[in-house]
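The following explanation leads the reader through a predicted model.

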Amino acid sequence: MGSSAPLAIADVCDAYPHLLTNGELRPLPPIFQIYGRNKVFSGHVVTVKCFEDNVLVREFLAQEGHGRVLVIDGCGSMRSAIIGGDLAKRAQNNGWVGIVVYGCIRDVDDINLCDIGVRALNSYPVQPGDKGNGEKHVPLTIAGTRVCDGDWLYADSDGILVSSMELSEV
């Protein structure tokens, strides 16, 4: 995507109906809340699956993000947050452009001050466990939608799209 204007998600869907039909372009269901200062973001996907535990998430966000998006399958849990303000700041400072959490976040006011895009189901004040349970770089199913390590993710106020390939301007 580089220096060009970001792709508008609705325009992408209009321009590539065949990719929607064949599954190379997959919209995530409209279940995510929008957080962080960057409402529009895109990048290569890195996946992690963890249930009510964020040790693996912390490990990823301590690394250089290189403009990537961390997609976290928290199994839709509403019993603990996976990301808080400190991790969002770390992600921003390490060059991650976005985080998508199929689960909850906390410290919403702090996250909303970060120059990063964050999507999550909701906020919840309880912190997660720290046993290190989970898997990295695995295919995920987020609310019925396949997301793979190495996919491309595009997000704006209209929604989130996952693509098997990098999309060009429409």
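**Pockets and an annotated site**

Strand S5 (81-83) and helix H4 each supply at least two residues of the lining of the largest pocket; helices (H or I, at least four residues) and strands (E, at least two) are DSSP runs, numbered from the N terminus. Residues are numbered from 1 along each chain as its sequence is written. In this predicted model, local features need pLDDT of at least 70, side-chain atom pairs count only at pLDDT 80 or more, totals for chains, interfaces and linings use all residues, and side-chain values use heavy atoms, without hydrogens and water.

A pocket is an open set of points on a 1 Å grid over the protein atoms alone, where a 1.4 Å probe fits, with protein on both sides within 12 Å along at least five of seven lines; lining residues have an atom within 4 Å of a point. Among the 16 residues lining the largest pocket, Asn54, Gly84, Leu87, Arg106 and Gln127 lie nearest its centre.

Under "binding site", an unreviewed UniProt entry lists Gly84, Gly85, Asp86, Leu87 and Arg106; such annotations may be inferred rather than shown by experiment. These residues span 23 residues in sequence, yet no two of their C-alpha atoms are more than 10.3 Å apart, so they gather at one spot. The lining of the largest pocket takes in Gly84, Gly85, Asp86, Leu87 and Arg106.

Asp86 lies in helix H4 (residues 85-93), and Leu87 is also placed in helix H4. Asp86 is exposed, with a relative accessible area of 63%, whereas Leu87 is buried, at 7% (buried means under 20%, exposed over 50%, with a 1.4 Å probe and protein chains only).
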